[in-house]
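Open the model in your viewer and keep the selection panel at hand. The tour goes from one selection to the next and says what is found at each stop.

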Amino acid sequence: MITIDTREKPTDYVARLLKVLGDGGKVGTLRAGDYLFCSCSGSVHSPKYHTLVERKRVGNLVSSFYHRVASGRRELADQLGRCKEDADRVVLLVEGDCRPGLDPSSLFAEGFRRKMAYVALQGILLSLQHELGVEVLWTADVEATIAVIAWLDDYLRKPQHGGWFKEVQ
């Protein structure tokens with residue numbers, strides 16, 4: 001079962017994703033993350049036994065690295081930190097096209113120039129994987145994201161893929 005956070009937009013994207021997932025998807029409010037993968041019938045706020053996916057468009061990813069929340073933490077670190085508190089496994093799904101800019105201090109994301117070096121973005125993603133244990137997936141567009149979410153649902157339900165879904169005792 002996948003719970004899609006109520007704040008996930010656009011609504012036509014959510015409707016298309018729910019259609020692909022069939023009975024395996026529903027919309028609900030999550031404390032952290034955009035998608036909760038869980039094979040048990042317990043509450044979405046039960047002890048850690050599930051996978052959370054945080055979806056970021058490339059431009060939003062860059063912005064969330066610079067933007068700080070009330071606690072002073074960077075928005076991205078805050079979001080992924082909450083995901084780590086709530087789940088055994090956290091995946092950052094980056095959606096969209098990203099290329100090095102014409103000068104070393106910029107990159108092109110979603111057709112716009114962003115004030116971040118391409119290699120800096122790659123370094124951030126490596127740090128998330130190495131230091132926080134956040135897995136990173138990259139998709140080209142919304143259609144690819146829908147395909148990957150459906151594939152993850154199937155993949156994570158299989159016990160041979162790490163046993164991330166534990167029976168609630």
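What do strand 1, helix 1 and strand 2 make? In this predicted model, the three elements form a right-handed β-α-β unit.

Begin by selecting residues 2-5, which are strand 1, and residues 25-28, which are strand 2. The two strands pair in the parallel sense, and four bridges join them. To see one of the pairings, pick Asp-5: its bridge partner in strand 2 is Gly-28.

Next, select helix 1, residues 11-21. Which residues of helix 1 are buried? They are Tyr-13, Val-14, Leu-17 and Leu-21. These residues lie on the same side of helix 1 because the arc they cover around the axis is only 95°. Now turn to the other side of helix 1, where Thr-11 and Lys-19 are exposed.

The last stop is the largest pocket, with a volume of about 310 Å³. Select Glu-8, Asp-34, Glu-54, Arg-55 and Gln-79: of the 15 residues that line the largest pocket, these are the closest to its centre.

Which elements each supply at least two residues of this lining? Select strand 4 (51-57) and helix 3 (75-86) to see them. Strand 4 gives the most, with four residues in the lining of the largest pocket.

Finally, colour the lining of the largest pocket by residue type. Eleven of its residues are charged, three are polar and one is nonpolar.

Conventions:
Residues are numbered from 1 along each chain as its sequence is written. This is a predicted model: local features need pLDDT of at least 70, side-chain atom pairs count only at pLDDT 80 or more; totals for chains, interfaces and linings use all residues. Side-chain values use heavy atoms; hydrogens and water are left out. Two strands pair if DSSP finds at least two bridges between them. A crossover is right-handed if, with the strands pointing away from the viewer, the path from the first strand over the helix to the second runs clockwise. On a 1 Å grid over the protein atoms alone, a cavity is a set of points where a 1.4 Å probe fits but cannot get out, and a pocket is an open set with protein on both sides within 12 Å along at least five of seven lines; lining residues have an atom within 4 Å of a point. Grid points are joined across faces, edges and corners, and a volume is the space filled by probe spheres set on the points. Ala, Val, Leu, Ile, Met, Phe, Trp, Tyr, Cys and Pro count as nonpolar, Asp, Glu, Lys and Arg as charged, and the others, Gly among them, as polar. Buried means under 20% relative accessible area, exposed over 50%, partly exposed in between (1.4 Å probe, protein chains only). The arc is that of the directions from the helix axis to the C-beta atoms.
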